[in-house]
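Q: Can you walk me through this one? I would like to start with the chains and how they meet.

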Amino acid sequence: MATITANPARTTGTARRGGLVSQTGYITGRWLRAQYRSPALIAFTLVQPAIWLLLFGQLFKGVVALPGFGDSSYIAFLTPGIVMMTALMTSGWAGTTFIADMERGVMDRMLTSPVRRGALMAGQLISNGTTTVIQTIIVFAIGIAAGARYDGGAVGYLVTIVASMLVGTAFGSLSNAVALLTRQQEALIGIFQFVSLPLTFLSSIMLDLELAPHWVQVAARYNPVDWAAVAARQALSADPDWSSVARHGLYLAAFTLIVGYLSTRAFRTYQRSV
Amino acid sequence: MPSTSHALEASDLVKTYPAGRKKPPVRALDGLTFAVPEGVVLGLLGPNGAGKSTTVKILTTLSRADSGTATVAGFDVVKQQNDVRQAIGYVPQKSSSDPMATGVENLVLSGRIYGLSRQEAVRRAAELLERFDLTEAGGRQVRTYSGGMQRKLDVALGLVHRPRVLFLDEPTTGLDPEARADLWNEVERLSDNEGLTVLLTTHYLEEADRLADQLAIVDHGQVVAEGTPEALKAELRGDSVQVELVDADVDGNVRRLLGHLPGIGEIVVDGNTLRARVDRGATAVPAVLGALEEKAIPVTAVTVSRPSLDDVYLQYTGRSFRAAENTVGQVEGSAA
């Protein structure tokens with residue numbers, strides 16, 4: 001008893017709580033260490049985009065000759081698209097880390113500690129974002145090696161990297177949310193495959209939308225992956241339409257913030273069900 | 001006195017889980033109530049599905065009760081969540097360390113989350129590794145640890161920030177006897193030397209008997225008996241006689257036969273085993289053996305014992321501990 005009354009600060013309900021930024025830093029550190037302890041995993045996720053890039057780049061070389069195709073080199077057109085697709089596909093797996101934490105007691109221990117939910121989410125996503133940057137650079141390297149050339153300067157590459165990170169962060173947080181809601185590896189992977197295919201094909205990742213049916217053009221207007229691909233291509237072109245880059249970039253940033261917020265709320269749903 | 005006079009206080013907790021479509025919800029807690037003074041090791045004893053883990057989840061702020069109130073270290077688990085979290089250590093049923101990180105990294109991260117400086121966290125990590133005999137393994141990834149080592153690290157993780165209340169949810173389930181004994185010693189040291197309040201859930205009677213200063217027997221989401229293990233056992237008068245038959249007593253003949261003997265109380269049948277409460281073991285055993293021999297009923301073994309926690313459990317729940325585990329086992333499968 002005496003120990004309690006001797007230290008009134010303990011009972012007044014004002015426990016010191018770490019800030020969001022510092023806590024996010026600790027959590028990011030955890031995921032970065034885990035990630036770079038098995039770099040083979042990053043290489044593994046690059047196999048698929050490399051195949052798409054090289055195979056499709058060759059296979060559809062001729063489509064640029066079709067009337068209405070805006071670009072003159074297909075590999076140059078395809079590369080930013082494959083960058084976004086890679087960011088999407090890789091981030092779909094983000095939630096598997098949450099599921100592994102739930103299958104052990106790690107998630108429950110974290111949620112009973114003073115760590116903020118926002119830090120748990122952001123830390124994992126930042127670590128995921130670093131993977132996206134590395135992959136974006138490698139995909140570009142492959143594309144350039146295969147003959148892609150861009151007139152836009154450093155700003156174009158920077159916009160592409162930022163856009164790919166936003167795609168990775170938005171869909172990574174969605175993946176984490178699905179993980180928290182379903183708590184099952186199979187459900188997570190199933191749902192993500194179901195979603196990622198239309199996101200990839202109802203966009204300008206593979207083809208100039210001028211060649212697509214009208215309904216695909218309409219669908220692509222609401223597709224965040226397409227926003228990223230459009231912003232990147234514009235920024236990389238010789239004479240970028242900066243208002244289009246800014247508009248699509250803003251859509252993408254707003255989308256990322258909204259899904260990030262909603263995903264963080266999924267912790268509550270998870271806690272209601274444990 | 002404010003509620004701070006108890007380190008843990010649960011009052012009339014109710015928690016239901018949906019059981020799926022067209023099924024009534026599962027009532028995991030049904031008015032659970034108990035109180036624990038500071039520095040005491042409370043054992044929540046009960047079969048799987050009795051509501052032990054649900055209780056721990058509510059007290060650690062992981063889950064929320066449908067109704068009822070609870071305080072931990074004087075803080076309300078709903079209104080003062082963050083204070084509760086700062087004051088407790090939680091060792092979940094499943095291993096709670098990150099297998100891809102080393103022991104040191106796990107401990108330092110935990111320390112940082114609770115607000116220790118980097119230097120403090122590193123020092124505390126080394127201290128805990130030393131204490132749990134893990135110093136050598138500290139630099140290795142946890143996935144290379146044995147089950148016993150992982151469990152020790154789990155407890156260390158719960159202690160990084162020097163909590164006032166420690167929750168141990170079935171800490172020794174799945175451990176080999178040696179690792180279990182190790183952990184028991186450690187928990188005893190914690191409560192004896194550091195005055196830590198510990199809430200321990202277990203379905204091992206032996207563990208409850210050894211570690212708990214105070215026991216709460218939980219059945220169907222309620223505390224059915226509370227007290228020190230000794231007091232609970234002392235409340236039962238007489239001894240317990242256990243007869244193992246070669247053939248099961250299918251038609252109840254043996255039960256009736258023994259029931260007519262003088263000085264024999266209630267008899268419970270569990271497979272080939274009959275258990276009876278008797279006034280005096282020493283006089284009951286010859287009478288039981290004589291009666292069985294007269295009717296030529298073959299017997300494997302007869303044992304007489306002082307009341308055990310199993311008898312206490314039987315007394316309060318109407319079924320033997322082992323039988324309870326088998327029947328209720330599935331219920332919490334969905335809720336846990």
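Q: What kind of model is it, and which cut-offs apply?
A: It is a predicted model: local features need pLDDT of at least 70, side-chain atom pairs count only at pLDDT 80 or more, and totals for chains, interfaces and linings use all residues. Residues are numbered from 1 along each chain as its sequence is written, chains are lettered from A and ligands numbered from 1 in the order in which they are written, and side-chain values use heavy atoms, with hydrogens and water left out.

Q: How many residues of chain B and chain A are in contact?
A: On the chain B side 42 residues are in contact with 36 residues of chain A, where contact means heavy atoms within 4.5 Å.

Q: And what area is buried between chain B and chain A?
A: About 3,500 Å², with carbon and sulfur atoms giving 53% of that. Buried area here is the accessible area (1.4 Å probe) that two parts lose on being put together, summed over both.

Q: How many salt bridges across it?
A: The rule finds 3 between chain B and chain A, a salt bridge being a side-chain nitrogen of Lys or Arg within 4 Å of a carboxyl oxygen of Asp or Glu. A:R30 and B:D98 form a salt bridge through their side chains, at 2.8 Å from N to O.

Q: Which elements of chain B touch chain A?
A: At least two residues each come from β1 (6–17), α2 (81–87), β6 (88–91), α3 (103–113) and α5 (147–159) of chain B. Helices (H or I, at least four residues) and strands (E, at least two) are DSSP runs, numbered from the N terminus.

Q: Which one gives the most?
A: That is α3(B), with 6 residues on the side of chain B that touches chain A. The residues on that side are 15 nonpolar, 17 polar and 10 charged.

Q: Changing topic: what does B:E186 pair with?
A: B:E186 makes a salt bridge with B:R131, with the closest N and O atoms 3.1 Å apart. B:E186 is in helix α6 (residues 177–194) and B:R131 in helix α4 (residues 118–131) of chain B, so the pair ties together parts that are 55 residues apart in sequence.

Q: Is B:E186 buried or exposed?
A: Buried, at 8% relative accessibility; buried means under 20% relative accessible area, exposed over 50%, and partly exposed in between (1.4 Å probe, protein chains only).

Q: What about B:E194?
A: B:E194 also forms a salt bridge with B:R131, again with 3.1 Å between the closest N and O atoms. This pair ties together parts of α6 and α4 of chain B that are 63 residues apart in sequence. B:E194 is partly exposed at 46% relative accessibility. Shared partners join B:R131, B:E186, B:R189 and B:E194 into one network of salt bridges.

Q: How is chain B divided into domains?
A: Into domain 1 (3–232) and domain 2 (237–306); the bounds come from an automatic or database domain assignment. Their centres, taken over C-alpha atoms, are 40 Å apart.

Q: And how many helices and strands in chain A?
A: Chain A has 12 helices and 0 strands. Its C-alpha trace spans about 85 × 35 × 35 Å along the principal axes. Of the 274 residues in chain A, 50% are buried.

Definitions and conventions
Ala, Val, Leu, Ile, Met, Phe, Trp, Tyr, Cys and Pro count as nonpolar, Asp, Glu, Lys and Arg as charged, and the others, Gly among them, as polar.
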